[in-house]
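The two exercises below are meant to be worked through with the structure in view. Try each task before reading the solution that follows it.

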Amino acid sequence: MKRTIFKALAIAGAVLFMAYCTPRESTEVSGSFDTLQKHFKEPPIDYSTAPFWVWNDQVTKEKIQRQLKFFKDENIDKVIIHPRPGLITEYLSDEWNELCRYAVEKAEELDMKVWLYDENSYPSGFAGGHVPAEMPESYENGSSLDMMEISELTEDHLDNSRIILEKQNDEFVNVTDDVEAGDKGEFYLFQIRPFPKNGWYGGFSYVDLIHSGVTEKFIDVTMEGYQQKFGDEFGGLVPGIFTDEPNIAPRGGRETVKWTPTLFEDFEERWGYKLQPHLVSLFEE
C-alpha cells in the first residue's frame, strides 16, 4: 500500500512543469566581500524575491500595470501570478491568457520576470474546474473509503456499502453478496465518501489524481495551453510554472483511507491476494 502511495505521489508530482531559469544578465562570480556586499544590497534579477501576486477579483490591464509598478518600486523583480478564490475573470479563458500576456509584456518593460501558476487556488490538479468538467470520472467515483461497525444490517447499509465484512471467530469474511436487511452479527461496512463541491474548486470538486488519465488531462488543459501561448518566453521572461501541493490524501484524515476505483484490482495484481478481507487492518490493529 505504501508503494502504491509513493508511486501515486510521483505521478502527481509529474504535473510540475518548470523551465530552467536562464539569466538575462551575467552574474559576477567572485568570492570577494565587495562582490557579496554589492549583490546583497542590489541582487541580480535571478536572486530577487518572488512573491505571490494574487489575482482574486476582476483583473484589468490598469491593475496589472499599477501593481507591477508598485512591486518594482519596492525592489521586487519577480512575481508569481496566483489565482485565488474571488477571481471574477474566467480562469484559462481567452481573456485570462490575454491578461497574462499583458503582464509578461509590462514586466519586460520594467526589467522584471513573471512566473505562471498552474492552478486556480490549490492544490494543483483540477485546473480550476476544467478537469472535472471535461472528465466526470475524475471525481464521481469517490475519494476515500470509510469504515463503520454495526450489529444489525438495514436497507440503507446494503445500498450504501461497497464492501461488508463479518467477523467470524478471528477472521473477517466478505459477505457483501450474502447478507440482507435484518441480519445480525459483528459487521464492518466500508462506504465510499464523495468529493465535495464548493467555491474553492470553482463550483466543482477536487479530483482523484491516481485515476488513470486525470494527470494527463490536467497537463493537457493547463500546461499545453500555457506552452502554446507563452512557450517562447519560458526560461526567460517566464522562468517557469509554479505547482502547488498535488494531493492524493483522503478526505477525513486518519478516520478514512484513500479510495480509487482500481484499488482492489491493482492490489491483488501486485501482491497476489485480495485486499477486501483485510480492510479492517487499514483502520485498526
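A crossing of two helices is called right-handed if the near helix is turned clockwise from the far one by less than a right angle, and left-handed if it is turned anticlockwise. The structure shown is a predicted model.

**Exercise 1**

Describe how helix 3 and helix 4 are placed against each other, and state which residues make the contact.

Solution. Begin with the axes: those of helix 3 (residues 61-73) and helix 4 (residues 94-109) come within 10 Å and cross at roughly 30°. Since angles under 35 degrees count as roughly parallel, helix 3 and helix 4 are therefore roughly parallel to each other. Next comes the handedness, and here helix 3 passes helix 4 in a right-handed crossing. The contact is made on one side by Lys61, Ile64, Gln65 and Leu68 of helix 3, and on the other by Glu98, Leu99, Tyr102, Ala103, Lys106 and Ala107 of helix 4. Sorted by class, this contact of helix 3 with helix 4 has six nonpolar, one polar and three charged residues.

**Exercise 2**

Work out the order of the strands in the open sheet, and find which strands lie at its edges.

Solution. The sheet is formed by five strands in the order 6-5-7-4-9, with antiparallel pairing. Its edge strands are strand 6 (171-174) and strand 9 (256-258), each of which pairs on one side only. On average, neighbouring strands of this sheet are turned by 30° against each other, direction ignored.

Note on methods:
Residues numbered from 1 in each chain as written. Predicted model: local features only at pLDDT ≥ 70, side-chain atom pairs only at ≥ 80, totals over all residues. Heavy atoms only, no water. Pairing = 2+ DSSP bridges. Helix = DSSP H or I, 4+ residues; strand = E, 2+ residues; numbered from the N terminus. Axes fitted to C-alpha atoms, helices over the stretch in contact; angles between N-to-C directions. Parallel < 35°, antiparallel > 145°, perpendicular 65-115°, else oblique. Contact = heavy atoms within 4.5 Å. Nonpolar A, V, L, I, M, F, W, Y, C, P; charged D, E, K, R; others polar.
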